[in-house]
Amino acid sequence: MNNKYIRLLAMSFVIILALIFVQDFGDFLDEHSNKIIKLGVNQHCNSAGSICSASIINDKEFQRISFAIKSTVIPDVEFPMLLSVVGFDFEGIESISVSFEMPGEDLEQNLVLFSPDKSTHQVVPENWNAVAKLPKVSKNRTDWLAVVRLKSSKQEYRAEFPFHF
């Protein structure tokens, strides 16, 4: 009877390890997929204090995403963000979201959607706004990464903007 429980425990452990591997492999494929175009970013730009941009030339069109945090970032307090997108008129934008990551930390899912600024009456808005709150971390670190995902009618784009406060 004791042997049966040990085998059940071992099989459960193997199943859990397999699920973790499949999830990690899925995340790897998602980041390195041909569907997602990763835009280049200046790693020395702090988007909490300035406007940081990521750009690419795609099908002979210049595309740029500029990201800025519009106020001081304080843990557990919401802060406004501004995103400006240029060169996506020919594709159209379906959605733009941001999530916050910290290198070496396993954080809860924290997806925030941007809303278009429709006051300019553009077919494809260039300015987008959102309000977010940083997820809780166990340590007193301030080195964050804002991961912006832009989904157009043709492609998905990803840009990472570092910031610290």
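A: The torsion about the S-S bond of cysteine 45 and cysteine 52 is about -90°, which makes the disulfide left-handed. This is a predicted model, and the values are computed from it. The sulfur atoms of cysteine 45 and cysteine 52 lie 1.9 Å apart, which meets the definition because a disulfide requires a pair of cysteine sulfur atoms within 2.5 Å. Searching the whole structure gives 1 disulfide.

As for burial, cysteine 45 has a relative accessibility of 14% and therefore counts as buried, since the cut-off is under 20% relative accessible area. Cysteine 52 is buried as well, its relative accessible area being 2%.

Turning to the aromatic side chains, the structure holds 4 aromatic pairs. One of them joins phenylalanine 88 and tyrosine 157, whose ring centres are 5.0 Å apart; the planes stand at 80°, so this pair is edge-to-face. The class follows because planes over 60 degrees apart count as edge-to-face. Phenylalanine 88 and tyrosine 157 are both buried.

There is also an aromatic cluster, formed by Phe79, Phe100 and Phe163.

Notes
Residues numbered from 1 in each chain as written. Predicted model: local features only at pLDDT ≥ 70, side-chain atom pairs only at ≥ 80, totals over all residues. Heavy atoms only, no water. Buried < 20%, exposed > 50% of the residue type's maximum accessible area, 1.4 Å probe, protein only. Phe/Tyr/Trp six-rings, centres within 6.5 Å; stacked < 30°, edge-to-face > 60°.
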